[in-house]
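This report covers selected local features of a two-chain assembly and the contacts between its chains. The sequence and the structure come first.

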Amino acid sequence: MENKAIVCKELTKQFGDFKAVDKISFEVSEGEIFGFLGANGAGKTTAMRILCGLSYPTSGEASVAGFDVYKQQEKIKKNIGYMSQKFSLYDNLTILENIEFYGGVYGVSRPEIKERSTELVKMLGLEKEAKKLVGGLPLGWKQKLAFSVAVFHRPKIVFLDEPTGGVDPITRRQFWDMIYEAAASGITVFVTTHYMDEAEYCNRISIMVDGRVEAIDSPAELKKRFNTTSMDEVFYELARNAQRAAD
Amino acid sequence: MMVTLKLVCTEKFFGQNNSFMSAVTLKNCIKKYGDFVAVDDVSFEVQKGELFGLIGPDGAGKTSVFRILTTLLLADSGTAIVEGHDVVKEFQEIRNKVGYMPGKFSLYQDLTVQENLEFFATIFGTTIEENYELIKDIYDQIKPFSNRRAGKLSGGMKQKLALCCALIHKPEVLFLDEPTTGVDVVSRSEFWQMLIKLKEQKITIVVSTPYMDEAKLCDRIALMQNGKIMSVDEPKNIIKSFPKTLFAAKAKNIYKLLQDFRTDKEIESCDAFGEFIHITLISEDANEERVKEIAKKYNPENFKVKIIEPTIEDTFIRLMREQNNLGELKEIVNGK
């Protein structure tokens, strides 16, 4: 049987009367690139926080990298990587210091950090900048570095929360090259985006509306089902009747 | 009647004092922060009543341009004129005539929807009632929440309130800095519907966005990158200016195809675009057959190719590469 990186069964998160996440069920296979899409306020962030071991669900079941979201949060955290546009690197640390810091937090040994950070900096073509503060780097480089740092400890799953927002179109594509490489090396990729062309780069996507997963399939199948040639329209059809519009 | 009106308009548009009729004129503007050139010799003009888009990624210099035009930032050199007023000498006149919605939510979080709107109306010496017609369509959508504090509104609602506040003094020019960033497809499309309605009310709109697909909704656009404007024109002309035949290809394993094509000497550029990859060939007389021939070398499964019309994003990528190549050439010339 194919191994599952993420399994959710009727996962629910309730704040008072408000069902932020409403009985969502899905599975993500190992090495898959899974796009987690949804309207603003649909509950993506809440669901993602549960899967990252940062928040407990109200009911339902879920496991991430084989660990239970209720009982094994710390084990989940050790086995995943996370990056978002808003929070990724420390601007006041240098490139090398950032790598060292994150590597250390995730328990990579010192000699290994030393060896592999040199490798990484070389691979990214940032040798000259290695000892410069991250704050001064152009956004595109920051994003690429942030991704590399998120997978530095070779996690089983990496969660990417709108990783390419505001990035120029060339860097955005280079970023996806990195995602493909990571997936090819066996890392499962769980990614959210507002760019519908990026939804097409995923093996499968789910679309959340008002706390529920309204559709889940490969982009090609979804387009077929909605009888259209663009993911924009699929999304529009599903999300236009959304009742919620929170952030 | 129609004829006279037309004549008057034409005269106004092409009259001697051309800058008088432009809503916005920016000439050779430069803004540096330390060594970093945020706005690098930027010039453009926006006509009255135009919906003008500044298209570019974060760090392109869009916000600095907005802040210069709304008199919130002094340029190092160059001139900027808004509604006939110089941004330095006559900044007060400009402030009364423009509405500005910054990229970051800047209303008072502790005031309610109603209070925010009243506050902005009052400081501009007007009332909500006086210009209600202008904001009615937008305000109606947030009216049920008029007693809610702005800080407690959802993203979409905040955006609508901010737009109302920017419009309440009936500005002649509206500056919107990335109003749709981080917003889902449905809300983005609703927001643009609102802009198109505002345009019908003869308000000049200057809007910035990192989403290339929104560019086609503007009358004219400026493509911006690294502080420079790469091109200013109508979207359709920018698309027409794409110098090569563009192909869209796909195969079962699209990523492998992309990698193979990147190494091929006959291929000038290939970039992922959703389920397709967009390709140009080095040769000038490119056709689908030729692309199929090239693909054969790599045995892709289910290979398909067709000629397509370029998008703004295709053009943007191409111009970016030209800019980068030019930069590298300069470095070589300067002996770096």
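A:Glu162 sits in the loop between E7 and helix H6 (169–184) of chain A; helices (H or I, at least four residues) and strands (E, at least two) are DSSP runs, numbered from the N terminus. Its phi is near 45°, a positive value in a residue other than glycine. A:Glu162 is partly exposed, with a relative accessible area of 22%; buried stands for under 20% relative accessible area, exposed for over 50%, and partly exposed for values in between (1.4 Å probe, protein chains only).

The model is predicted: local features need pLDDT of at least 70 and side-chain atom pairs count only at pLDDT 80 or more, while totals for chains, interfaces and linings use all residues. Residues are numbered from 1 along each chain as its sequence is written, chains are lettered from A and ligands numbered from 1 in the order in which they are written, and side-chain values use heavy atoms, with hydrogens and water left out.

**Local features**

Strand E7 (residues 157–161) of chain A holds A:Phe159. A:Phe159 is buried, at 0% relative accessible area. Neighbours within four places in sequence aside, its contacts (heavy atoms within 4.5 Å) include A:Ile6, A:Met48, A:Leu51, A:Val64 and A:Phe190.

In chain B, B:Glu83 also has a positive phi, about 50°, although it is not a glycine. B:Glu83 lies in the loop between strand E4 (77–82) and strand E5 (85–86) and counts as buried at 9% relative accessibility. Helix H3 (residues 62–69) of chain B has six of its eight residues buried, among them B:Val65, B:Phe66 and B:Leu69. After H3(B) comes B:Thr71, with a positive phi near 65°.

An unreviewed UniProt entry places the feature "domain: ABC transporter" at residues 24–251 of chain B; such annotations may be inferred rather than shown by experiment, and the positions are in the numbering used here, with feature names shortened. Over residues 24–251 the chain is 32% helix and 29% strand.

**Salt bridges**

A salt bridge is a side-chain nitrogen of Lys or Arg within 4 Å of a carboxyl oxygen of Asp or Glu. The count over all chains is 42.

| Pair | Closest N to O |
|---|---|
| A:Glu32 and A:Arg204 | 2.6 Å |
| B:Lys244 and B:Glu268 | 3.7 Å |
| B:Arg318 and B:Glu322 | 3.9 Å |

A:Glu32 is in the loop between strands E2 and E3 of chain A and A:Arg204 is in strand E9, so the pair ties together parts 172 residues apart in sequence. A:Glu32 is buried at 8%, whereas A:Arg204 is partly exposed at 24%. B:Arg318 and B:Glu322 both lie in helix H12 of chain B, four residues apart. B:Arg318 is buried at 16%, and B:Glu322 is partly exposed at 41%.

**The interface**

Chain B and chain A are in contact through 31 residues of chain B and 33 residues of chain A. Together they bury about 2400 Å², 58% of it on carbon and sulfur atoms; this is the accessible area (1.4 Å probe) that two parts lose on being put together, summed over both. Four salt bridges are counted between the chains.
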